[in-house]
Amino acid sequence: MFRIARGAAMLLAGWIATPALGASALQCVPYARIVSGVNIRGDALTWWDQAATRYQRGHAPRRGAVLTFRPMGPMTLGHVAVVSKVLDDRRLLIRHANWSVPGAIEEDVPVIDVSEEGDWSQVRVWHSPTQTMGARTNPTFGFIYSATSRLRPFEPDPALGTSVRLVTADADMPDRNADAVTQPVAPLKRSARPASAPRLALDMRAMRFADATPAARSLADIIADVKRDARLR
């Protein structure tokens, strides 16, 4: 009985911390556009081709660059994230939204290159609810380079959708999925944890969102995004 009550309490706490799945959630595209300064619009899967005549592109990470993900599984429209720090040839930190939890903002979390050629064409991404590197291997297009390496602040805006800011990844948290990559992941330097940042309690819906059960956006969500994007232009 105690275990059941405890599990119910944790799940309720997760519902409080997680944006309602039926509500419009902050998407990765407006977040990446604001933080990086790369002024591209449209679904994430179109960014790589759109950037061809407007920005430099490549396969080496730089601070401020946008890492573009190919569509796969729950990423039906692709994904974009902003590089906040390059740690070494196989590790970097990113800032992105709508990955581990609908609408969540994750700042300075690890990404590791698991491609055979070391060209960042296959990556694994930190999953905040489980505090591990995600087990899924994600294909990418490459990096779109911004004009500067400066990262711009992001302030929550109701017009962009519901969001919650998660804490940054714990640097000394062991990677329980380390056996899934060819190279060990060395501990990262601990970053300061904002005093006001909420901790995400266990919520099985959130854990399924990115790394397990595929998810798809409804037509109503897509229409709402198009209308919101038009208002912001």
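**Burial and salt bridges in a predicted model**

Student: What makes helix H2 largely enclosed by the rest of the structure?

Tutor: In this predicted model, helix H2 covers residues 28-36, and eight of its nine residues are buried, so the rest of the structure largely encloses the helix. The buried residues are Cys28, Val29, Pro30, Tyr31, Ala32, Arg33, Val35 and Ser36. Glycine 37 follows H2, and its phi is positive, near 85°.

Student: Why is serine 100 called buried?

Tutor: A residue is called buried when its relative accessible area is under 20%, and serine 100 has a value of 0%, so the word applies. Serine 100 is found in the loop between strand E4 (91-97) and strand E5 (104-113).

Student: How do you know that the side chain of serine 100 makes a polar contact with the side chain of glutamate 106?

Tutor: The distance given for this contact is 3.0 Å, and the cut-off for a pair of N or O atoms is within 3.5 Å, so the distance meets the limit. A polar atom of the serine 100 side chain also lies 3.3 Å from the backbone nitrogen of serine 128.

Student: Why is the pairing of arginine 91 and aspartate 88 called a salt bridge?

Tutor: The term requires a side-chain nitrogen of Lys or Arg within 4 Å of a carboxyl oxygen of Asp or Glu, and here the side chains meet at 2.8 Å, N to O, so the pair qualifies. In general, side chains of opposite charge can pair when their charged atoms come close.

Student: Are arginine 91 and aspartate 88 described as buried or partly exposed, and why?

Tutor: Arginine 91 has a relative accessible area of 14%, which is under 20%, so arginine 91 is buried. Aspartate 88 stands at 31%, between the cut-offs of 20% and 50%, and therefore counts as partly exposed.

Student: What makes the salt bridge of aspartate 113 and arginine 90 a tie between parts of the chain?

Tutor: The closest N and O atoms of this pair are 3.5 Å apart. Aspartate 113 lies in strand E5 and arginine 90 in the loop between strand E3 (79-86) and E4, so the pair ties together parts 23 residues apart in sequence. Both residues are buried.

Student: How do you know that arginine 95 forms a salt bridge with aspartate 108?

Tutor: Their closest N and O atoms are 2.8 Å apart, which is within 4 Å, so the pair counts. The pair links arginine 95 in strand E4 with aspartate 108 in strand E5, 13 residues apart. Arginine 95 has a relative accessible area of 21% and is therefore partly exposed.

Definitions and conventions:
Residues are numbered from 1 along each chain as its sequence is written. This is a predicted model: local features need pLDDT of at least 70, side-chain atom pairs count only at pLDDT 80 or more; totals for chains, interfaces and linings use all residues. Side-chain values use heavy atoms; hydrogens and water are left out. Buried means under 20% relative accessible area, exposed over 50%, partly exposed in between (1.4 Å probe, protein chains only). Helices (H or I, at least four residues) and strands (E, at least two) are DSSP runs, numbered from the N terminus. A polar contact is a pair of N or O atoms within 3.5 Å; within protein, one must be able to donate a hydrogen and the other to accept it, and residues adjacent in sequence count only if both atoms are side-chain atoms.
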